[in-house]
Amino acid sequence: MVDNFTHSYPQTAPFIPRLILPSILHQYALSLSMASTHQKIWWSVFLTLLLSNCQHEVDGAPQVPCYFIFGDSLSDSGNNNLLVTKAKANFKPYGIDFPLGPTGRFTNGRTIVDFISELLGFHGFIPSFVTATGKDVLQGVNYASGAAGIRDETGQHLGDRITLTRQLINYQLTVAQIATLLGGAAAAADQLSKCVFTVGIGSNDYINNYFLPNLYPTSKEFTPEQYATALIAQYSLQLKTLHEFGARKVALFGLGLIGCAPAELAAFSPPKGTCVDNINSAVQLFNDKLKSLVNDLNTEFTDSKFTYINIYGIGSGDPKAAGFKVTDSGCCGGRTGCAPSATPCSNRREYVFFDEFHPTEAVNVNLAARAYKSSTPSDVSPIDINTLANL
């Protein structure tokens, strides 16, 4: 279940692949005609980003040869579909605004990594590990899995999930495939050194572990500070494994305002209009340590560049000023979850959350835009994904 949440994004129209660019321009024009001045400014910025990347399609090549994705349900594109788990989204109304309908994405449309792949210039969506075959893997693979965590036990009460440890094992299988396709380990290493990698994980280690004391002992074993330290220690080893197998351009997504998710509001009942402060405080401890880890990794691995994407900071602010009207309830299911064939809200652009945990496409598109091209110095540390890709 999961993850990063925001409170400061303008409403957006559904994002259409560049293969049908005329349609997106027409739809954007309609949305602009109804937008506020603040929203028109944002539309202009995003459309500039979109058009600037169209040259990659003209040239027939994206900024980088491949994009590899690790994480949880914020990034999952269908890896959980065949698992025995409650953490699934391959049914309506998930995907109601996605061109292919329900695919296993935990939102109404595109995820943050779908938008990032578009901004990087890829012609289609990066395939999930369970669907990638043959030469597909040369352009990248999405290994993300709903309910996955840094810790192996995280989310186990929901059923099966592909933990980060298992995602790295799957990635090693892909590396072997790439070596076979390209004629050897050296060619594979050269290919991978040019690719972008994103990792967004850790939310479930809080949502589906630490803050479920009846099911997991971690809150009794660790203070929030100690738990963040333990998570980062394990995460560090996992990222070093990723480096060992060829990753050289790596963006790490920090955790969002988990304490503002509708499910957490329902579980902890903070005063109306507020979030669950102790959850957000715990998240900030993790993020601070993750940012420090990025600095340590950049010092240790001079052949690589790691960067931190400040999802928490990007997500702070007044959502209503950005065009959102509903911040404390999911578009589908309110605070209790989105059931198969449920009827979602019709005004999805006005909701921060699509279900009780996951952001709407309107949030994801802005997260991706600011991760790809930072709009303030605090958005990223030290560089944004566009700069990372161009190294």
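Which residues touch the most other members of the largest nonpolar core? The legends below start there.

**View 1. Phe68, Tyr206 and Tyr235 in the largest nonpolar core.** These three residues touch the most other members of a core of 91 residues. A nonpolar core here is a set of buried Ala, Val, Leu, Ile, Met, Phe, Trp, Tyr and Cys residues joined through side-chain atoms within 4.5 Å; buried means under 20% relative accessible area, exposed over 50%, and partly exposed in between, with a 1.4 Å probe and protein chains only. Helix 10 (residues 277-300) gives the most to this core, with 8 residues. Helices (H or I, at least four residues) and strands (E, at least two) are DSSP runs, numbered from the N terminus. A second, separate core of 10 residues includes Ala89, Val326, Cys345 and Tyr351.

A note on the model: it is predicted, so local features need pLDDT of at least 70 and side-chain atom pairs count only at pLDDT 80 or more, while totals for chains, interfaces and linings use all residues. Residues are numbered from 1 along each chain as its sequence is written, and side-chain values use heavy atoms, with hydrogens and water left out.

**View 2. The surroundings of Tyr206.** Contact means heavy atoms within 4.5 Å. Setting aside neighbours within four places in sequence, Tyr206 has contacts that include Phe211, Tyr227, Leu231, Leu255 and Phe286.

**View 3. Strand 1 beside strand 2.** Strand 1 (residues 67-71) has 5 of its 5 residues buried. Tyr67, Ile69 and Gly71 point one way from strand 1, whereas Phe68 and Phe70 point the other way. In a regular strand the side chains alternate between the two faces of the sheet. Strand 1 pairs with strand 2 in the parallel sense over 5 bridges; two strands pair if DSSP finds at least two bridges between them. Opposite Ile69 stands Thr198 of strand 2.

**View 4. A closer look at Thr198.** Thr198 sits in strand 2 (residues 196-200). Is Thr198 buried or exposed? Its relative accessibility is 1%, so Thr198 counts as buried. The side chains of Thr198 and Tyr67 are joined by a polar contact of 2.9 Å. Such a contact is a pair of N or O atoms within 3.5 Å; within protein, one must be able to donate a hydrogen and the other to accept it, and residues adjacent in sequence count only if both atoms are side-chain atoms. Thr198 and Val250 lie 52 residues apart in sequence, yet their C-alpha atoms are 5.7 Å apart.

**View 5. The disulfide of Cys260 and Cys275.** A disulfide is a pair of cysteine sulfur atoms within 2.5 Å, and by this rule the count comes to 4 disulfides. The sulfur atoms of Cys260 and Cys275 are 2.0 Å apart. The torsion about their S-S bond is about 105°, so this disulfide is right-handed. Both Cys260 and Cys275 are buried.

**View 6. Two further disulfides, Cys331 to Cys345 and Cys332 to Cys338.** Cys331 and Cys345 are joined with an S to S distance of 2.1 Å, and their link is left-handed, with -110° about the S-S bond. For Cys332 and Cys338 the S to S distance is 2.0 Å, and the link is right-handed at 80°. Cys332 is buried, with a relative accessible area of 0%, and Cys338 is buried at 9%.
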